[in-house]
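Please open the model in your viewer and keep the sequence panel beside it, so that each selection below can be followed in turn.

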Amino acid sequence: MAGVPLTEAFETAAFDSGLVAGVRTQINYASRAKRYTVGPAVEVSLPFGLALEFDALYKRLDYNFSSSVRPGLFGTFNEEQDNIVSRWDLPLLLKYRVRTFGSRTPYVSAGLNTNYIVNTTQLSRAVFTPSGVRVAQGPPVKTRNPPAELKYRSAEGVVIAAGLEFHVHRLRAAPEVRYTRWAHENFRGIQAPAGIQSNLTGIQSKLNQTEVLLTLGW
(Lines give C-alpha, C1' and ligand atoms only; values in the text may rest on other atoms or scores of the structure.)
Protein backbone atom coordinates (compact mmCIF):
# COMPACT_ATOMS: atom_id res chain seq x y z
CA MET A 1 0.00 0.00 0.00
CA ALA A 2 1.23 3.49 -0.85
CA GLY A 3 -0.26 6.96 -1.00
CA VAL A 4 -0.05 10.69 -0.50
CA PRO A 5 -1.67 12.96 2.14
CA LEU A 6 -4.25 15.55 1.14
CA THR A 7 -3.85 17.45 4.43
CA GLU A 8 -0.80 18.93 6.12
CA ALA A 9 0.65 17.10 9.11
CA PHE A 10 1.26 20.25 11.19
CA GLU A 11 0.01 23.72 11.89
CA THR A 12 3.06 25.95 12.37
CA ALA A 13 3.55 29.55 13.47
CA ALA A 14 6.23 32.20 13.95
CA PHE A 15 6.63 34.59 16.89
CA ASP A 16 8.34 37.97 17.10
CA SER A 17 8.31 39.70 20.49
CA GLY A 18 9.51 43.02 19.12
CA LEU A 19 11.86 45.03 21.28
CA VAL A 20 11.01 44.38 24.96
CA ALA A 21 13.37 45.75 27.64
CA GLY A 22 16.08 45.95 25.00
CA VAL A 23 15.69 42.29 23.94
CA ARG A 24 14.08 40.96 20.76
CA THR A 25 13.08 37.29 20.47
CA GLN A 26 12.08 35.55 17.24
CA ILE A 27 10.86 31.95 17.05
CA ASN A 28 9.91 30.04 13.90
CA TYR A 29 8.62 26.56 13.09
CA ALA A 30 8.43 25.04 9.60
CA SER A 31 7.03 21.66 8.58
CA ARG A 32 9.16 19.38 6.40
CA ALA A 33 6.82 16.38 6.57
CA LYS A 34 7.38 14.00 3.67
CA ARG A 35 4.38 13.69 1.41
CA TYR A 36 4.18 9.92 1.20
CA THR A 37 2.73 6.94 3.05
CA VAL A 38 3.92 3.38 2.49
CA GLY A 39 3.53 -0.01 4.13
CA PRO A 40 2.01 -3.51 3.96
CA ALA A 41 -1.69 -4.39 4.17
CA VAL A 42 -3.23 -7.74 5.17
CA GLU A 43 -6.84 -8.67 4.42
CA VAL A 44 -8.92 -11.61 5.67
CA SER A 45 -12.14 -12.41 3.79
CA LEU A 46 -15.37 -12.88 5.74
CA PRO A 47 -18.88 -13.94 4.69
CA PHE A 48 -21.50 -11.54 3.24
CA GLY A 49 -19.04 -9.37 1.32
CA LEU A 50 -17.13 -8.40 4.45
CA ALA A 51 -13.39 -8.43 5.06
CA LEU A 52 -11.06 -7.52 7.90
CA GLU A 53 -8.05 -5.37 6.95
CA PHE A 54 -4.96 -4.47 8.97
CA ASP A 55 -2.34 -1.98 7.70
CA ALA A 56 1.05 -0.83 8.94
CA LEU A 57 1.73 2.55 7.31
CA TYR A 58 5.00 4.46 7.67
CA LYS A 59 5.22 8.27 7.62
CA ARG A 60 8.00 10.86 8.03
CA LEU A 61 6.94 13.95 10.02
CA ASP A 62 10.05 16.17 9.91
CA TYR A 63 10.07 19.80 11.00
CA ASN A 64 12.49 22.67 11.72
CA PHE A 65 12.76 24.94 14.74
CA SER A 66 14.82 28.14 14.93
CA SER A 67 15.11 30.91 17.50
CA SER A 68 16.99 34.20 17.63
CA VAL A 69 17.48 36.30 20.77
CA ARG A 70 19.08 39.74 20.39
CA PRO A 71 19.99 41.36 23.73
CA GLY A 72 20.44 44.96 22.60
CA LEU A 73 23.67 45.71 20.73
CA PHE A 74 25.72 42.87 22.20
CA GLY A 75 25.00 40.26 19.56
CA THR A 76 22.60 37.42 18.79
CA PHE A 77 21.96 33.97 20.29
CA ASN A 78 20.87 31.67 17.45
CA GLU A 79 19.55 28.14 17.79
CA GLU A 80 18.50 25.77 15.01
CA GLN A 81 17.03 22.28 15.12
CA ASP A 82 16.20 19.80 12.38
CA ASN A 83 13.80 17.21 13.80
CA ILE A 84 13.47 13.89 11.99
CA VAL A 85 10.40 11.94 13.12
CA SER A 86 9.25 8.45 12.09
CA ARG A 87 5.66 7.38 12.77
CA TRP A 88 3.68 4.21 12.10
CA ASP A 89 -0.10 4.23 11.66
CA LEU A 90 -1.80 0.91 12.50
CA PRO A 91 -5.45 0.96 11.32
CA LEU A 92 -7.79 -2.01 11.76
CA LEU A 93 -10.74 -1.81 9.35
CA LEU A 94 -13.94 -3.69 8.62
CA LYS A 95 -14.49 -3.55 4.86
CA TYR A 96 -17.75 -4.08 3.00
CA ARG A 97 -17.78 -4.70 -0.76
CA VAL A 98 -21.02 -3.16 -1.98
CA ARG A 99 -21.53 -4.88 -5.33
CA THR A 100 -19.52 -5.92 -8.36
CA PHE A 101 -20.13 -4.05 -11.61
CA GLY A 102 -18.26 -5.94 -14.28
CA SER A 103 -14.67 -6.01 -13.03
CA ARG A 104 -15.14 -3.10 -10.59
CA THR A 105 -16.23 -3.40 -6.98
CA PRO A 106 -16.85 -0.29 -4.84
CA TYR A 107 -16.32 -0.69 -1.12
CA VAL A 108 -16.53 1.21 2.14
CA SER A 109 -14.64 0.56 5.35
CA ALA A 110 -14.42 1.87 8.90
CA GLY A 111 -12.50 1.09 12.04
CA LEU A 112 -9.95 2.24 14.56
CA ASN A 113 -6.51 3.73 14.00
CA THR A 114 -3.52 3.96 16.31
CA ASN A 115 -0.27 5.80 15.60
CA TYR A 116 3.09 5.50 17.32
CA ILE A 117 6.22 7.67 17.12
CA VAL A 118 8.98 5.07 16.89
CA ASN A 119 12.03 7.27 16.34
CA THR A 120 13.09 10.90 16.75
CA THR A 121 16.44 12.41 15.78
CA GLN A 122 17.58 15.99 16.39
CA LEU A 123 20.32 17.84 14.53
CA SER A 124 20.88 20.97 16.61
CA ARG A 125 23.25 23.92 16.50
CA ALA A 126 23.52 26.89 18.88
CA VAL A 127 25.90 29.84 18.53
CA PHE A 128 26.37 33.35 19.90
CA THR A 129 27.40 35.93 17.34
CA PRO A 130 28.79 39.21 18.74
CA SER A 131 27.68 42.33 16.90
CA GLY A 132 29.85 43.04 13.87
CA VAL A 133 31.74 39.73 14.14
CA ARG A 134 31.41 36.75 11.77
CA VAL A 135 31.51 33.44 13.62
CA ALA A 136 32.04 30.14 11.83
CA GLN A 137 29.34 27.61 12.70
CA GLY A 138 30.41 24.18 13.80
CA PRO A 139 28.74 20.92 12.74
CA PRO A 140 25.31 20.16 14.22
CA VAL A 141 25.04 17.92 17.26
CA LYS A 142 23.04 14.73 16.68
CA THR A 143 20.88 13.38 19.51
CA ARG A 144 17.96 10.98 19.81
CA ASN A 145 16.26 12.79 22.68
CA PRO A 146 12.53 13.42 22.15
CA PRO A 147 11.90 17.03 21.06
CA ALA A 148 10.24 19.34 23.57
CA GLU A 149 7.13 19.60 21.39
CA LEU A 150 6.43 15.83 21.49
CA LYS A 151 3.56 15.42 23.95
CA TYR A 152 2.25 11.94 23.11
CA ARG A 153 4.16 9.18 21.36
CA SER A 154 0.87 7.45 20.58
CA ALA A 155 -2.64 8.60 19.62
CA GLU A 156 -5.88 6.83 18.81
CA GLY A 157 -8.52 7.71 16.28
CA VAL A 158 -11.42 6.56 14.12
CA VAL A 159 -11.08 6.02 10.40
CA ILE A 160 -13.48 5.75 7.46
CA ALA A 161 -12.67 5.06 3.82
CA ALA A 162 -14.22 4.46 0.41
CA GLY A 163 -12.62 2.99 -2.67
CA LEU A 164 -12.96 1.06 -5.90
CA GLU A 165 -11.42 -2.34 -6.47
CA PHE A 166 -10.69 -3.65 -9.95
CA HIS A 167 -8.52 -6.26 -11.66
CA VAL A 168 -5.94 -5.85 -14.38
CA HIS A 169 -5.12 -9.38 -15.54
CA ARG A 170 -4.06 -11.06 -12.25
CA LEU A 171 -3.25 -7.82 -10.45
CA ARG A 172 -5.82 -6.38 -8.03
CA ALA A 173 -5.75 -2.59 -7.57
CA ALA A 174 -7.78 -0.63 -5.05
CA PRO A 175 -7.47 3.17 -4.91
CA GLU A 176 -9.29 4.76 -1.96
CA VAL A 177 -9.76 7.96 -0.02
CA ARG A 178 -9.26 7.57 3.74
CA TYR A 179 -10.08 9.96 6.58
CA THR A 180 -8.82 9.68 10.18
CA ARG A 181 -9.87 11.81 13.14
CA TRP A 182 -7.31 11.64 15.94
CA ALA A 183 -8.36 11.97 19.58
CA HIS A 184 -5.35 14.16 20.40
CA GLU A 185 -2.15 15.45 18.84
CA ASN A 186 1.34 13.94 18.95
CA PHE A 187 3.06 17.35 18.85
CA ARG A 188 2.05 20.61 20.49
CA GLY A 189 3.98 23.50 21.99
CA ILE A 190 6.75 26.00 21.57
CA GLN A 191 10.34 26.19 22.78
CA ALA A 192 10.14 29.62 24.36
CA PRO A 193 12.93 31.35 26.32
CA ALA A 194 12.22 32.54 29.85
CA GLY A 195 9.81 35.46 29.91
CA ILE A 196 7.93 34.46 26.74
CA GLN A 197 4.26 33.47 27.12
CA SER A 198 4.03 29.71 27.68
CA ASN A 199 0.55 29.42 26.10
CA LEU A 200 1.87 30.16 22.62
CA THR A 201 1.71 27.30 20.15
CA GLY A 202 4.46 27.19 17.56
CA ILE A 203 3.63 23.74 16.19
CA GLN A 204 0.66 21.42 16.53
CA SER A 205 -0.31 18.13 14.91
CA LYS A 206 -3.49 18.34 12.87
CA LEU A 207 -6.25 16.11 14.20
CA ASN A 208 -7.89 15.64 10.76
CA GLN A 209 -5.96 13.42 8.35
CA THR A 210 -7.07 12.73 4.78
CA GLU A 211 -5.05 10.75 2.26
CA VAL A 212 -5.33 8.92 -1.05
CA LEU A 213 -4.03 5.34 -0.92
CA LEU A 214 -3.47 2.64 -3.51
CA THR A 215 -3.39 -1.05 -2.59
CA LEU A 216 -1.88 -3.55 -5.02
CA GLY A 217 -2.29 -7.30 -4.56
CA TRP A 218 -3.24 -10.61 -6.12
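Select the whole protein chain to begin: its radius of gyration (taken over C-alpha atoms, with the globule rule being 2.2 Å times the number of residues to the power 0.38) is 23 Å, whereas a compact globule of 218 residues would have one near 17 Å. Along the principal axes, the C-alpha atoms fill a box of roughly 75 × 30 × 25 Å. This is a predicted model, in which local features need pLDDT of at least 70 and side-chain atom pairs count only at pLDDT 80 or more, while totals for chains, interfaces and linings use all residues. Residues are numbered from 1 along each chain as its sequence is written, and side-chain values use heavy atoms, with hydrogens and water left out.

Colour by secondary structure next, and the chain shows zero helices and 18 strands (DSSP runs numbered from the N terminus, with H or I of at least four residues for helices and E of at least two for strands).

Now select residues 154-168 and 171-182, which are strands β14 and β15, running antiparallel and joined by ten bridges (two strands pair if DSSP finds at least two bridges between them). They form a hairpin with two residues between them, and His-169 in the turn has a positive phi of about 60 degrees. Phe-166 stands opposite Ala-173 in β15.

Finally, select Leu-46, in the loop between β6 (41-45) and β7 (50-55). Its C-alpha atom is separated by 9.5 Å from that of Tyr-96, 50 residues apart along the chain.
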